[in-house]
Number of protein chains: 2
Amino acid sequence: MNKGRRRGSPDTRDAVLQAARAQFAQHGYSGTTLRGVAAEAGVDVALVSYFFGRKAQLFAAALALPVSPADAIDGVLAEGLDGLGERLLRRLLAVWDDPVSGGPLLSVLRSAPSHEESAALLREFVEQELIARLARAIDAPPAQARLRAAAVASQVLGLVFSRYVLRIEPLASADHDALVALIGPVLEGHLSVAR
Amino acid sequence: MNKGRRRGSPDTRDAVLQAARAQFAQHGYSGTTLRGVAAEAGVDVALVSYFFGRKAQLFAAALALPVSPADAIDGVLAEGLDGLGERLLRRLLAVWDDPVSGGPLLSVLRSAPSHEESAALLREFVEQELIARLARAIDAPPAQARLRAAAVASQVLGLVFSRYVLRIEPLASADHDALVALIGPVLEGHLSVAR
DNA sequence: AAGGTTTTTCAACACCTGATGAAAAACACC
DNA sequence: GGTGTTTTTCATCAGGTGTTGAAAAACCTT
């Protein structure tokens with residue numbers, strides 16, 4: 001078997017995928033055009049449809065992450081409650097500042113406000129994977145724990161939105177240590193039993 | 001003088017403007033279509049162009065706020081530093097939960113991620129009107145003050161993004177008192193001299 | 001009622017979007 | 001070299017977009 005041309009030449013297919021990642025991360029779902037992706041990849045428009053089918057499927061392919069975010073959260077949680085806020089923040093910054101993982105994340109965040117499917121994806125992740133997990137680790141009555149976990153989520157969303165989407169200074173060019181010193185204690189306060 | 005038909009019948013013109021506000025707040029700039037606005041207002045497409053010209057001008061008209069945000073910030077700042085965080089938060093929630101002022105604000109926030117002009121608008125407002133003003137009121141070296149003010153801005157952005165754009169629970173349906181109790185102390189911590 | 005002015009609609013334009021089908025080119029295997 | 005398979009392009013479609021010009025309708029003033 002294995003007849004025909006080399007099975008799925010990964011060169012151009014991967015070029016299209018990389019172009020799609022860049023475009024979605026920069027312009028969001030609705031702002032990204034198949035022709036724009038094809039142009040950046042240096043191929044014809046029909047080729048992207050040939051490889052990935054409909055636009056929604058291309059988006060899904062561009063969103064594939066190397067590591068599951070839920071697992072990453074579990075990993076950080078497994079190390080205990082001491083300094084959880086700071087560790088969470090450091091892990092977050094590392095993931096978002098790495099283009100490989102940051103691109104897909106930025107794509108969802110950029111798409112969500114004007115693309116309901118992306119909004120639903122992000123909303124369910126934050127509510128069920130992030131808030132629910134954090135609330136379970138917080139030593140407080142359930143309602144209070146969920147509120148505090150939601151406070152952490154909103155602070156985290158605000159940081160990534162300001163730094164990576166809006167690129168607001170001085171947040172956009174601050175280094176990790178400065179941000180951890182600035183916001184780490186806030187997360188720590190929400191997550192710790194005190195107050 | 002005053003010849004011709006009644007000078008600018010405010011009825012339909014206002015209906016178009018209200019429809020535009022609703023559409024921009026719900027779908028953002030790129031997601032809003034002139035035909036969608038016209039449909040919601042119950043008029044022909046050409047009428048919205050007749051009244052407001054190009055789409056960008058309609059957007060600008062829909063963004064007109066009853067009160068200048070900069071003045072609102074100054075008003076809160078003028079009351080002193082005691083409890084500034086809580087007062088800021090209460091004023092913010094009041095403005096965003098009022099459809100008249102919340103609509104335009106939501107329009108900008110929804111449009112910014114995929115519409116560069118909106119992003120620039122929001123970025124400059126946050127950097128120059130919000131962060132700069134707050135930093136001036138914080139008792140710390142300039143660089144530190146700007147960082148702390150930026151932390152306030154990111155927390156505030158995160159809250160409105162989570163509550164009004166993504167509608168994340170339990171933030172979306174929490175009442176003002178609960179949110180003030182939850183996040184007020186965070187802002188207070190950034191703004192106060194301590195730490 | 002007549003004339004002038006504004007509001008409203010109809011129709012069309014040039015352009016861009018995602019999607020598809022068929023033909024052409026490039027390649028692997030016999 | 002011939003054959004079958006895959007990759008790539010060309011051409012085209014139907015639908016939606018912002019925008020504009022001209023005609024029709026509604027209105028005010030005299």
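Reply: Copies are superposed by least squares on the C-alpha atoms of residues with pLDDT of at least 70 in both. This is a predicted model, in which local features need pLDDT of at least 70 and side-chain atom pairs count only at pLDDT 80 or more, whereas totals for chains, interfaces and linings use all residues. Residues are numbered from 1 along each chain as its sequence is written, and chains are lettered from A, with ligands numbered from 1, in the order in which they are written.

Chain B can be laid on chain A by a turn of 180 degrees and a shift of 0.0 Å along the axis, with an RMSD of 0.0 Å. That is the relation of a two-fold axis. Among the residues of chain B, B:G158 comes closest to this rotation axis, its C-alpha atom lying at 1.7 Å.

The contact takes 37 residues from chain B and 37 residues from chain A, two residues being in contact if their C-beta atoms, placed from the backbone, lie within 7 Å. On the side of chain B that touches chain A, α1, α8 (116-137), α9 (142-165) and α10 (176-191) each supply at least two residues, helices being DSSP runs of H or I with at least four residues, numbered from the N terminus. The largest share of that side, 13 residues, comes from α9(B). By type, the side of chain B that touches chain A divides into 22 nonpolar, nine polar and six charged residues, where Ala, Val, Leu, Ile, Met, Phe, Trp, Tyr, Cys and Pro count as nonpolar, Asp, Glu, Lys and Arg as charged, and the others, Gly among them, as polar. Because 100% of the interface residues of chain B are also interface residues in chain A, the copies meet through the same surface.

Leaving aside neighbours within four places in sequence, B:A149 is in contact with B:I131, B:L134, B:A135 and B:I138.
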